[in-house]
Structure formats: C-alpha cells, structure tokens
Amino acid sequence: MDVELMLKVYPFFIKAAWVTIELSILTTILGLICGSLGAAARLSRLKVLRYVGAAYVSFIRGTPALIQLFILYFGGPQIGIQLDAFEAGVIGLGVNIGAYMTETIRGAIIAIDKGQVEAARTLGMSRLQTFRKVVLPQAMRLMIRPLGVNINALIKGTALVAAISVVELTYTAQRYIGSTYKPFEMFLISGLLYMIIIYVTGRAVAWLDRRARIV
Amino acid sequence: MSDEKPFVDIRHAQKSYGALEVLKDISLKVNRGEIVAIIGPSGSGKSTLLRAINDLDPLTGGEVWLEDTQVNKTLPHRQYEKHINQVRQDIGMVFQHFNLFPHLTVRGNITLAPRMLKGLSEEEANRLAEEQLDKVGMLERIDYYPSQLSGGQKQRVAIARALAMKPKVMLFDEATSALDPELVEEVNLVMKKLAEEHMTMIIVTHEMGFAESVCDRVLFMDQGVVVEEGPPSVIFRNPESERTKNFLRKHLASNKE
C-alpha cells in the first residue's frame, strides 16, 4: 500500500469531500420537502392526491436511482430541461430520497395513537390544529431515527452522481486512478472520507433523537 | 322535571356498519343537571351511542341535539367542520385510556385548547389550569409529564382538561375501566364532586356500585337497543327484563371472582 502517495493526494480528496457534503445537505433539504409533500399527499382526504403520492413513491422506488439520474441529466435536454451535472445530481437524488422519506414521514404520522386525535377533536380543535399541535410534535420524534437511515442511504447514494461527472468523492477517486494506476489506495481514501461523513451524521441524528425524547 | 326541554336529546339514533346494526332506533333525553349511566355487555352499543353525542362516531340515522343545536347536521364539509368544532367545545369527553398528550406537561395539556380556541392569554390559561387541577386534586403535579403520573392521576388530569373548556355536558366512556382497582376510587370521587355541582353527565360504565350511588337514571343496553331504563334502585334491585337480570347476575359473579 502506497501510503506516501495517499498522503500526497488526500488534500484533493478533502476538497471533493466538501462537494459530497454539499450535495448531501442540499439533497436532504430537497428530500425533506418532497417527503413532506409526498406524505401530505398520501394522507390527504382527496383521492386524487393519494394516487399522485402513491404513484410518485412507486415510480421512484421501482426504478434504479441511476436510471432516474440519467433520465434527468441526459434525457432532460430533449424535453427542454437543461441542468448542469451538479444541479441534476441534487434534484435527481433529492426527488429520489424524497420518496423514501415520504414513507418514513407517513409511517411516523400514522403511528400516532388515534386516541390522541380523538382527544384533541373532542376539545373542539380543528383537523389542522390537531395535526400541528398534537400529531406532528409526536410524529417528529418518531421520525428522527428512520429519517437518519434515509440520510445515511442518501450520503452513500451521492456516489452515483460520479456517473454524470460531478466532481465529488467517487469521481475524484476515479480521476486519480487514471493518473496513478492505484485503485486500492484511491478508493480507500474515498471510502474513509465517506465513513467520517456518515459517522458524524449518525452522531448528530442520535443527539437529536435523545434531545427530542419525551420525558 | 318531565316537561322541561331536554338538554341532550337523541332522537331515533341508528348506526350500522354494513349489515351490522350497532344502534337500532335509540332515543334518549337527558335534562340539565341529570346524571345518566349507560350499562350493558360489551358490544351492546353503549360506547357507540356515547360517541355519537359529539359525532365522534357519526350516526347513520337519527338526530342528536344539544339544547337548540343539532349536533349531527348535514352540511358541506367545511361548514360542518366549523360547526362541529364549535359544538364540541360544549361537550367534554373522558376516555378509557385517558389520551393525554404525552409531549405536553399537565399544564400544557389543559391550556392547549382554551388558549387556541378561546383566545385566553397565557396568564388566564394558567389560572384556569390551576383552578381545574385544584378541583381534581392534581395541582401539585402541574409541571409533570403524563408519563410521570399513575393511571388515576392521568384520568383526573384528563377530566380537568375537559372541564377547562367549560362544557355544558360531560361524557365518560368507561373512565375507570383501564385503572387498577385501587385507583378507581380517586377518579370516582372526582366524578361524584361533579355530580354534586350538578354537571350534566352521561356515563358509560361497568361500575354498578358507582352508577347506583351517583346516577339519577340508568339505561341497560343490549344488542343495540335500550332494554330497560329507570332509576338505579329499580334497575339494580328490581329489574323487569330477564336480560337485565342475567347481565347483572353475571356481572356480580365475575366481580366476586
């Protein structure tokens, strides 16, 4: 193992790691937005919205994320969607993870005991008031850990955007392999950096979960 | 008393799930300040009837009136929501499993609805919470979370939460059924206190002793109909119907075990 080489090139990987982090953060934000809208649609009183939500989830979960990215990045211009690689990466991955988050958020909401809703409605609170003040605060606590699992998957999923040449951790490794012919070392650096990002994220999620726990 | 206009008026209540009829044409009039117990075997429809009063379980036929307002009006969705949210403020309900909000303190549980629906200031709401908690003997637990309370304490808080909306009538759906036997009494005492204050109450219960000592009238329900109704002394000591006798006998036997 060429440790000397690893020490020489790793600063470039750190730079790439920031791109991965940036991608992850933006994707998480977009994913949470899509997931909230998706869950709202799936739990709507309106049948049409429930179908739209279900179609979104089953399309995204039924096709490979890589194909979704290719459709958006390579197929997009054909239907008038011009995105650079980074934008396509964020949107593609965000919409993708949003489908999984839809199910996470929906699951947490329907896990709240029906008696909670009945108690609030009986006091005269409206559906919306009940949702905001009684259901959501409890569901939020339930969804922290499973959303953490989604985010973990998403961070690793950002490696896919190397395929549309976004210069992040995986793509950077491939590029340095081209000049050094040392795939073991190069992929190892990338892997270690992914691990650090995931470890820190995991700790953050655990901390949030602990803080949110009901006495 | 009999010519007084009923306070709660259930007219020809019917409820069915498909072919299954849970309530078969039940009428019940409750006067202001009256305390009515509904007893009967499980599956008799007594909880369904109670939950129809605030439209938590909407009837499939018949009407429910509270004073001059029809509770289960047919209205377009939005208007119905507005109407029912208003009406429900006047109908307090206490559940078997308390249904306290676990993410809020006792104080938060009680002040949530009055602050949101009646526009009370924080100070006013706090005063209201203290007043209601004092009444149920839970004032010293005002800053506890529900998970830190015993079942009996939870139920007393739930009663205080309902009372804080200043309801005109209180519905109790097996309020002591989920409690350990030694905790039943503290909840019964609170309910007795309400009775002394002439709160109108409709109580679904398995506590025959309590029903006998507190209620003005007892309804015995079975298979979706009111089999027999009358003053507790008659229903418990001298029932006419065989079904009532059977039920009471079985109930006494199982309580002695």
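**Before you look: what "buried" means.** A residue counts as buried when its relative accessible area is under 20%. Keep that cut-off in mind for the first view, and remember throughout that this is a predicted model.

**View 1. Strand S3 of chain B sits inside the structure.** Strand S3 (residues 35-39) of chain B has five residues, and five of the five are buried, so the strand is largely enclosed by the rest of the structure.

**View 2. S3(B) has strand partners to meet.** Which strands pair with S3(B) in the parallel sense? One of them is strand S8 (residues 200-204) of chain B, joined to S3(B) over four bridges. Look for B:Ile38, which stands opposite B:Val204 in S8(B). Strand S9 (residues 217-222) of chain B also pairs with S3(B) in the parallel sense, over four bridges. In that pairing, B:Ala37 has B:Val218 of S9(B) as its bridge partner.

**View 3. Chain A carries transmembrane annotations.** An unreviewed UniProt entry lists transmembrane regions in chain A, including residues 12-39 and 51-73. In the model, residues 12-39 of chain A are 100% helix and 0% strand, and the end C-alpha atoms lie 40 Å apart. Residues 51-73 of chain A are 91% helix and 0% strand, with 27 Å between the end C-alpha atoms. The unreviewed entry also gives residues 17-205 of chain A the annotation "domain: ABC transmembrane type-1". Across residues 17-205, chain A is 81% helix and 0% strand.

View 4. The largest pocket holds about 1,400 Å³ of space. Among its 37 lining residues, the closest to the centre are A:Leu43, A:Arg45, A:Arg127, A:Leu128 and A:Phe131. The elements giving two or more residues to the lining are helices H1 (3-42), H4 (85-110), H5 (114-122) and H6 of chain A, together with helix H2 (77-88) of chain B.

Methods:
Residues are numbered from 1 along each chain as its sequence is written. Chains are lettered from A and ligands numbered from 1 in the order in which they are written. This is a predicted model: local features need pLDDT of at least 70, side-chain atom pairs count only at pLDDT 80 or more; totals for chains, interfaces and linings use all residues. Side-chain values use heavy atoms; hydrogens and water are left out. Buried means under 20% relative accessible area, exposed over 50%, partly exposed in between (1.4 Å probe, protein chains only). Two strands pair if DSSP finds at least two bridges between them. UniProt positions are given in the numbering used here, feature names are shortened, and annotations may be inferred rather than shown by experiment. On a 1 Å grid over the protein atoms alone, a cavity is a set of points where a 1.4 Å probe fits but cannot get out, and a pocket is an open set with protein on both sides within 12 Å along at least five of seven lines; lining residues have an atom within 4 Å of a point. Grid points are joined across faces, edges and corners, and a volume is the space filled by probe spheres set on the points.
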